[in-house]
Amino acid sequence: MKLLQIPNYFYPNIGGIEQVARDIANALKGRKDIEQKIICFNETAQDGDYVCRRKETVHDTVDGVEIIRCGCITKKSSQSISLTYPKELKKVLSQFDPDVVIFHYPNPYVASFLLPMLKSSVRLIVYWHLDITKQKNLGKLFHGQNMKICKRADTIVATSLNYIEGSPYLSRFRDKCTVIPNCISESRLSVSERIKVKAQHIRKKFEGKTIVFAVGRHVEYKGMKYLVRSARYLDDSFEVLIGGKGELTGALFAEKGSNRHVHMLGRVDDETLIACYLACDIFAFPSITKNEAFGIALAEGMYFGKPAVTFTIQGSGVNFVSLDGVTGIECPNRDSRAFAKAIKMLAANSGLRKKYGKNARQRVLERFMFEVFKANINRLIDEAGK
């Protein structure tokens, strides 16, 4: 079987969709009956020996899989635009001649080329990461295209049942939908002695304090400003650590103002990230919209046995990953005062904190590990090949 994946970008670009695409490739690695290729946009990024430059169209290899990266000339409304993409897509569809295509949605620019080019014999799996919600006008513009994608799809993958029920598209095509939760990388989260020492330094620095940790891109849907605002209702016994950066970093610093108990860590490397997971008492995940379809960082925090504080997001998988009253506390959306109240409740009750933390880790081990994901993906591809 020949399998072509079509994500927006790929490693060394880091993001939720990119990680899922790489996890899929690794889940199928080693199967002699499957040959894989991946086509995506190029975007400037670097990780060790892997270097990408936005404008270049190149073929390279990651984890033993050929990656076709199409150079981009610009980006409009978060969508990359490439003059070489149509040609490269046509070539790979013709020469590689895939039996199965996994198309990662949303990617409307590529969908406009893919649907007319795709042979009727090709099995199409649409991996539906999220609805277009931020750009409402674009959402309306691509309504017809979305309906065509769903009708053409043989299978539609969602990361949670919540998202199927909450999506205006997936709810119309329930009979085609299957749920495959995202996974965390146990190997990436392994704890070395060096990381343990880092965690001890964090604990010592904030000795006697309740440490609240959050991490994520500083963009609107991540809701970090609501966490910063919640710190106004916390006293001197709390320290709030926020990792990540983005277009709203400056606004978050302004929101923070003179509050010395909120610490902006910037972009954190894996060692520092894991040390913060270990050191914290509570993991805060303040995302506010369906753009957060799952929450890998949330699952990672839970993996380390930390109780979670989240907002209610109608139709999002966030409230599927962490369960209110089981693995953490769920608060009314955008209610910073309620968020602070939940943090204080967990801080004041060590028994509840330990109970939720234990449940959180168990939930991740049972549902959101790579081996579970690998089994789900292999079953999906086997069914597509029938």
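Predicted model: local features only at pLDDT ≥ 70, side-chain atom pairs only at ≥ 80, totals over all residues.
Local features are reported only where pLDDT is at least 70, and side-chain atom pairs only at pLDDT 80 or more, while totals for chains, interfaces and linings use all residues. Residues are numbered from 1 along each chain as its sequence is written, and side-chain values use heavy atoms, with hydrogens and water left out.

Let's start with the sheet. Strands here are DSSP E runs of at least two residues, helices are H or I runs of at least four, and both are numbered from the N terminus; two strands pair if DSSP finds at least two bridges between them. For a look at one pairing, take β9 and β10 (residues 123-128), which run parallel and are joined by 6 bridges. Across that pairing, Tyr105 stands opposite Trp128 in β10.

Touching, or contact, means heavy atoms within 4.5 Å. The angles run from 0 to 180 degrees between N-to-C directions, using axes fitted to C-alpha atoms, for helices over the stretch in contact.

Now follow Trp128 to one of its contacts, Leu170. Leu170 lies in the loop between α6 (161-166) and β12 (177-179). Is Leu170 buried or exposed? Leu170 is buried, with a relative accessible area of 0%; buried means under 20%, exposed over 50%, and partly exposed in between, using a 1.4 Å probe and protein chains only. Leaving aside residues up to four places away in sequence, Leu170 touches Trp128, Ile156, Ala158, Tyr163, Ile164 and Cys177. Leu170 and Asp131 are 39 residues apart in sequence, yet their C-alpha atoms are 9.3 Å apart in space.

Next comes a set of parallel strands around β16 (residues 282-285). β16 is joined to β13 (residues 210-215) by 2 bridges, and the two run parallel; Val212 stands opposite Ile282 in β16. β16 also pairs in the parallel sense with β17 (residues 308-311), this time over 3 bridges, and Phe283 stands opposite Ala308 in β17. Ile282 and Ala284 point one way from β16, Phe283 and Phe285 point the other way, and all are buried. Together, β16, α11 (residues 296-303) and β17 make a right-handed β-α-β unit, right-handed meaning that, with the strands pointing away from the viewer, the path from the first strand over the helix to the second runs clockwise.

Helix α10 (residues 270-279) belongs in this picture as well. Its buried residues are Leu273, Ile274, Ala275, Cys276, Tyr277 and Ala279. They pack against α7 (193-205), β13, β14 (238-243), β15 (262-266), β16 and α11.

For a helix-on-helix contact, look at α1 (residues 16-28) and α15 (residues 370-384), which pack at about 75° with their axes 9 Å apart. That makes α1 roughly perpendicular to α15, a label for angles of 65 to 115 degrees (under 35 is roughly parallel, over 145 roughly antiparallel and the rest oblique). α1 contributes Val20, Asp23, Ile24, Asn26, Ala27 and Leu28, and α15 contributes Phe370, Phe373, Lys374, Ile377, Asn378 and Ile381.

Most residues other than glycine have a negative phi, and most peptide bonds are trans. A cis peptide bond joins Tyr11 and Pro12, with omega about 15°, and Pro12 is in the loop between β1 (2-6) and α1. The bond from Tyr105 to Pro106 is also cis, with omega near 10°. Asp63, in the loop between β5 (58-62) and β6 (65-70), has a positive phi of about 55°, and Asp63 is partly exposed at 23% relative accessible area. Asp97 has a positive phi near 55° and is partly exposed at 31%.
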